[in-house]
Amino acid sequence: MSEPVPADAAPADSDLPGPADPAAWLTLPDVAERLDLSISKVHQLIRDRELLAFRRDGVRRVPADLVANPTVRKHLPGVIHLLTDAGYDDEAMLRWLYEADDTLSGTPAAALGGPQAREVKRRAQALGF
């Protein structure tokens with residue numbers, strides 16, 4: 001059994017991966033509404049590794065830019081599976097997705113919504129080697 005983490009040792013939200021702006025995160029009910037799904041279907045997307053959720057302020061949230069109305073970003077599930085195969089946990093995946101990359105003109109997460117989405121997928125695949 002692991003030791004509880006003291007409240008003062010918990011990372012600040014600014015130290016956590018993903019978007020720094022709290023408004024850039026959606027709660028799971030918000031995701032369900034945006035995708036026009038039941039909350040149980042959103043939980044299933046997370047369990048099936050098609051969507052990432054992360055605890056912020058004690059509530060599970062999803063970065064808003066990973067959810068495109070009315071679907072999850074097209075290449076996101078593939079990138080999640082590739083990063084999982086490369087040994088990344090959820091926190092490491094979010095760090096990788098939101099790490100600035102000048103060659104992508106932003107972050108891999110932002111590039112998933114544009115013409116560089118396949119390049120993001122290729123880079124995630126290369127991490128496994």
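Mentor: Start with the contacts. L76, V79, I80, L83 and T84 of α3 meet M93, W96 and L97 of α4. Sorted by type, the residues of this contact are seven nonpolar, one polar and no charged. Keep in mind that this is a predicted model.

Now the geometry. Two packed helices are described by the angle between their axes and the distance between the axes. Helix α3 covers residues 76-85, and helix α4 covers residues 90-97. Their axes come within 10 Å. They cross at roughly 120 degrees. Angles of 65 to 115 degrees count as roughly perpendicular, and those over 145 as roughly antiparallel. The α3 and α4 pair is therefore oblique. The crossing of α3 and α4 is right-handed.

Next, the backbone. Most residues other than glycine have a negative phi. R49 is not a glycine, yet its phi is positive, at about 65 degrees. Look for R49 in the loop between α2 (39-47) and β2 (54-56). Its relative accessible area is 23%, so R49 is partly exposed.

D57 is another non-glycine residue with a positive phi, here about 55 degrees. D57 sits in the loop between β2 and β3 (59-63). Exposed means over 50% relative accessible area. D57 has 57%, so it is exposed.

To recap the pair: α3 and α4 cross right-handed, and their contact includes no charged residues.

Terms used: Residues are numbered from 1 along each chain as its sequence is written. This is a predicted model: local features need pLDDT of at least 70, side-chain atom pairs count only at pLDDT 80 or more; totals for chains, interfaces and linings use all residues. Side-chain values use heavy atoms; hydrogens and water are left out. Axes are lines fitted to C-alpha atoms, for helices over the stretch in contact, and angles run from 0 to 180 degrees between N-to-C directions. Helices (H or I, at least four residues) and strands (E, at least two) are DSSP runs, numbered from the N terminus. Angles under 35 degrees count as roughly parallel, over 145 as roughly antiparallel, 65 to 115 as roughly perpendicular and the rest as oblique. A crossing is left-handed if the near helix is turned anticlockwise from the far one by less than a right angle, and right-handed if clockwise. Contact means heavy atoms within 4.5 Å. Ala, Val, Leu, Ile, Met, Phe, Trp, Tyr, Cys and Pro count as nonpolar, Asp, Glu, Lys and Arg as charged, and the others, Gly among them, as polar. Buried means under 20% relative accessible area, exposed over 50%, partly exposed in between (1.4 Å probe, protein chains only).
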